[in-house]
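Take a look at the model below.

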Amino acid sequence: MSQGSADQLKFDGHGLLPAVIQDWLDGTVLMLGYMNQEALAKTVATRRVHFWSRSRNTLWEKGETSGHTLHVKELFVDCDRDTILVKAQPAGPTCHTGERACFFSRLDEQGEVVRSNPQDAHGGILDSVLRTIDERRSNPRTGSYTSKLFEGGHDKILKKVAEEAGEVLLASKGGKKEEIVYEVADLFFHTLMVLGYHGVSLQEVLHELGKRFGKSGLRAT
């Protein structure tokens, strides 16, 4: 990393930039750290995340003792050029507590910090839907469509996947964007039902996609 590149960034009065670390597969915010010019240069050069420790006043590589390193996939700078976003692939849990990410407490309606399910802050809407599906499977709820699907068994869930896939085909043939969006959302939901039925996490599917990312789908024969 050249001095010219570093000069384009706005380090604070202590020579630091906050660095948000995000799982490149599902967007989960893993942690927040601080980088000085040396830490950022090391991160860029080695493709492993380095920070500047404000408490120990020293450079350190994430995971240098635990082995839970963060491998850089992409680096971004915000509009004010005073914050770094690092999309990374974690090797093991990121938090020193052993949790996957550092954000597992929430602020309640009274502004109090309370412990919550560590997974609640993970991923996006698909993760949240799958967590609800898993909850309905363990604790069926009267009037719940998800619970009714589970009551119908494996074949009923698979039948719905096939039906929704057909609806996506018809919507695509029709060419109406609103219908395509609606039917694909239905297909996503019922596909998540398959994952929930078999106890497969969305992270496992994303890892498989991650292994394929950037590779040709064609195989030599």
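Q: Is C79 buried or exposed?
A: This is a predicted model: local features need pLDDT of at least 70, side-chain atom pairs count only at pLDDT 80 or more, and totals for chains, interfaces and linings use all residues. Residues are numbered from 1 along each chain as its sequence is written, and side-chain values use heavy atoms, with hydrogens and water left out. Buried means under 20% relative accessible area, exposed over 50%, and partly exposed in between (1.4 Å probe, protein chains only). C79 has 73% relative accessibility, so C79 is exposed.

Q: How far is the nearest cysteine sulfur from that of C102?
A: A disulfide needs a pair of cysteine sulfur atoms within 2.5 Å. By this rule there are zero disulfides. C102 is in none; the nearest cysteine sulfur belongs to C95, at 3.9 Å.

Q: What kind of aromatic pair do F51 and W60 form?
A: Rings of Phe, Tyr and Trp (its six-membered ring) pair if their centres lie within 6.5 Å; planes under 30 degrees apart count as stacked, over 60 as edge-to-face and the rest as tilted. The structure holds three aromatic pairs. F51 and W60 lie 5.4 Å centre to centre with 40° between the planes, and their pair is tilted.

Q: Which ring does the charged end of K73 sit over?
A: A charge sits over a ring if NZ of Lys or CZ of Arg is within 6 Å of the ring centre and within 35 degrees of the ring normal. The charged end of K73 is 4.5 Å from the ring centre of W24. The ring is that of W24.
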